[in-house]
Amino acid sequence: MIRAIAIDDEPLALHVISHFCEQIDFISLEKTFTKQNEAVKHLNKYPVDLIFLDIQMPNKNGIDFYKLLESDVMVIFTTAHSEFAVEGFNVNATDYLLKPFSFERFETAVQKARNEYQFRNNASIQTHLMIRADYKLNRIEFEDIMLIEGLDDYIQIHLKNKTKIVARISMKSILEKLPQTKFIRIHRSYIIPLNKVKTIQSKSIQIDDFLVPIGETYKDEFVKIFQ
């Protein structure tokens, strides 16, 4: 089941989306919002898989609002203005619905979301993660990750023999996407792959050319794993 919310300053538009979602058996529309700040508060507590998002909103353009979200949640933009379509797809939107849209067109859009959702979650043994960065969805193999470094509201994913990826996502959120048997957080600013550890010292570990500090808060858990 794909968990979703809808954001639009027009209650009638939210009513249409709610009505259409009731006819789709794989979409659970959990809540609707007319204000973006209320939607953000909800998302911080209850993450979802998909957002139906109006582009023309009173406070912030829907595309700009979506860029500020730290998670890689799917989005289907809705608007009455076709000139926003190209910009919407530039941020890797799942689809773009031009108001007023029919149920058939809505059904096509949510089927695209379903296909993307299955692509992200269908592997029986997960070998990679999908991260939104540089306005596109990046597939990152677990085996390529050398180190994940936290920088304020961003992370840097250092990759083996590849350009590092910088993404707007919290350390907590990225850790939830990683298998616990393969990765561990050893510092407020560092997550490491266990199989890349070369040497362990009293307060640091070495991974390739990186010397990574072990935070006091995370030390006991780290030592427990390597004992």
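A search of the whole structure turns up nine salt bridges, counting a side-chain nitrogen of Lys or Arg within 4 Å of a carboxyl oxygen of Asp or Glu. Keep in mind that this is a predicted model: local features need pLDDT of at least 70, side-chain atom pairs count only at pLDDT 80 or more, and totals for chains, interfaces and linings use all residues. Residues are numbered from 1 along each chain as its sequence is written, and side-chain values use heavy atoms, with hydrogens and water left out.

**Salt bridges**

- Lysine 99 and aspartate 8 meet through their side chains at 2.7 Å, N to O. Lysine 99 sits in the loop between S5 and H5 and aspartate 8 in the loop between S1 and helix H1 (11-21), so this pair ties together parts 91 residues apart in sequence.
- Aspartate 8 is buried, at 0% relative accessible area (buried is under 20%, exposed over 50%, partly exposed in between, with a 1.4 Å probe and protein chains only).
- Asp8 and Lys99 also belong to a salt-bridge network with Asp54.
- Aspartate 95 bridges to arginine 105, with the closest N and O atoms 2.9 Å apart. Here strand S5 holds aspartate 95 and helix H5 holds arginine 105, ten residues apart.
- Within that pair, aspartate 95 is buried at 1% relative accessible area, while arginine 105 counts as partly exposed at 29%.
- Aspartate 144 and lysine 162 make another salt bridge, at 2.9 Å from N to O. Aspartate 144 is in the loop between strand S7 (136-141) and strand S8 (145-151), and lysine 162 is in the loop between strand S9 (154-159) and strand S10 (165-167), so the contact joins parts 18 residues apart in sequence.
- Aspartate 144 counts as buried at 19%, whereas lysine 162 is exposed at 52%.

**The parallel sheet and its helix**

- Five strands make an open sheet with parallel pairing, in the order S2-S1-S3-S4-S5. Strands (E, at least two residues) and helices (H or I, at least four) are DSSP runs numbered from the N terminus, and two strands pair if DSSP finds at least two bridges between them.
- S2 (27-33) and S5 (95-98) are the edge strands, each pairing on one side only.
- Strand S1 (residues 2-7) runs parallel to S2 over six bridges, and isoleucine 7 stands opposite phenylalanine 33 in S2.
- Helix H5 (residues 103-121) packs on the sheet and touches S1, S2, S3 (50-54), S4 (74-79) and S5; contact means heavy atoms within 4.5 Å.
- The direction of H5 makes about 165° with that of S5, using axes fitted to C-alpha atoms (for helices over the stretch in contact) and angles from 0 to 180 degrees between N-to-C directions.
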